[in-house]
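I opened my notebook to look at one protein and jot down what I could find.

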Amino acid sequence: DEMDVDTIWMDGEFVDWDDAQIHVLTHGMHYGTGVFEGARCYDTENGPAIFRWEEHVDRLFDSCLPYEMEIDHSREELTEATKELITRQELPSCYIRPLVYYGYNSLGVSPSDCPTRTMIAVWPWGAYLGEDALENGIDVMVSSWRKHASSQIPTNVKTTGLYVNSLLAGEEARRNGCAEAIVLNKEGNVAEGPGENIFLVRDGEIFTPGLSESILDGITRNSVIRIARDLGYTVNDTVSISRGELYTADELFFTGSAAEVTPIKQVDNVAIGNGSRGPITEEIQQKFFDVVERRTDEYEEWFEYV
Ligand code: PMP
């Protein structure tokens, strides 16, 4: 298979790819009632190292709270299962996808009698938007779709159903020749990408929409804020950013566990800055990869070695 996965962890057991199946009457499939994570494990001198695993596990448990979903497994069990998957499949680096969802019992919208099910899969995954994207940047468009407002559905946690909106925005962008979308919130301010947070550079300062802008509390966002501040930059992370400010930015970039640090070179066919990866983006990106691939011993507390 193209994902190159032999073993998947399901509800406490390691099962073969072929056996990792669920029933069509699964609640989560009908109503999008699942929560998930996406993390990366990097190839380092000291073996595979999971970047900010603890924060990902915390967010997975937090994502359950609005739905009163209870994971039948401890944090330690999920951690051991993940490490075992990576070890068994001898992966030097990989993407990690834990998913918790309401399983089958009945199909009322109320999941009260549905079991909570949990799975974890890991697989090799290169640059999310392509190697070329990391170096040269991507073209994006402002989507005609708006993000869910956080008054309509919790946007700060990672619910499967939310990604229907991400698909609409992303596919609209790709139909229009762009690699990805920028999605505005209900107020019309810049929120984030379909699966990325966004950063803007202007006059040497860094800006990113605040957590009250209906965005996911991105773990890469949090890491990049810390890295940029440690590099001496001022990072304004509680601001609203208007659509117009995108076009006049000196630099723009996306962050995400999958997208890592991806420069944006054009928005709606308008070149951003000099129309290629900007110098501050490059500096932060370089530092990010030095950190995650452990070419520095800084931020050691961010890593869980397999
Ligand atoms: N926003 C959305 C909507 C996302 O799906 C993601 C990817 N998880 C992000 C932002 C980036 O978050 P993180 O850095 O934690 O992966």
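How many helices and strands are there in the protein? I found eight helices and 17 strands. For these I used DSSP runs, with helices being H or I over at least four residues and strands being E over at least two, numbered from the N terminus.

Before going on, I noted that this is a predicted model, where local features need pLDDT of at least 70, side-chain atom pairs count only at pLDDT 80 or more, and totals for chains, interfaces and linings use all residues. Residues are numbered from 1 along each chain as its sequence is written.

**Overall build**

Along the principal axes, the C-alpha atoms fill a box of roughly 55 × 45 × 35 Å.

Next I checked burial. A residue is buried if 20 or more other C-beta atoms lie within 10 Å of its own, exposed if 12 or fewer, and partly exposed in between, with C-beta atoms placed from the backbone. Buried residues make up 42% of the 306 residues.

Then I turned to contacts, meaning pairs of residues whose C-beta atoms, placed from the backbone, lie within 7 Å. Among contacts between residues at least 6 apart in sequence, 70% join residues at least 24 apart.

**Two domains**

I looked up the domains, whose bounds come from an automatic or database domain assignment. That assignment gives domain 1 (7-123) and domain 2 (131-292). Their C-alpha centres lie 26 Å apart.

How many residues of domain 1 are in contact with domain 2? I got 20, and they meet 11 residues of domain 2. On the domain 1 side, β3 (34-36), β4 (39-44), α2 (53-64) and β6 each give two or more residues. Helix α2 gives the most, with five residues. That side divides into eight nonpolar, six polar and six charged residues. My classes: Ala, Val, Leu, Ile, Met, Phe, Trp, Tyr, Cys and Pro are nonpolar, Asp, Glu, Lys and Arg are charged, and the others, Gly among them, are polar.

**The core**

In soluble globular proteins, nonpolar side chains tend to be buried together. I therefore went looking for a nonpolar core, a set of buried Ala, Val, Leu, Ile, Met, Phe, Trp, Tyr and Cys residues joined through C-beta atoms within 7 Å. The largest one has 70 residues, and Ile 50, Val 140, Leu 200 and Leu 252 have the most contacts inside it. Strand β6 (residues 94-102) supplies the largest share, five residues. Why does this core lie between domain 1 and domain 2? Because both domains give residues to it.

I also followed Ile 50. Leaving aside neighbours within four places in sequence, Ile 50 is in contact with Ala 39, Cys 41, Ile 96, Phe 303, Glu 304 and Val 306.

Thr 220 is in helix α6. Is Thr 220 buried or exposed? It is buried, with 23 other C-beta atoms within 10 Å. Not counting residues up to four places away in sequence, Thr 220 touches Asn 197, Thr 255, Gly 256 and Ser 257.

Glu 90 has a positive phi of about 50° although it is not a glycine. Glu 90 sits in the loop between α3 (75-88) and β6, and counts as exposed with 7 C-beta neighbours inside 10 Å.

Ser 214 is another non-glycine with a positive phi, near 65°. Ser 214 lies in the loop between β12 (205-209) and α6, and is buried, with 25 other C-beta atoms within 10 Å.

Terms used. Contact = placed C-beta atoms within 7 Å.
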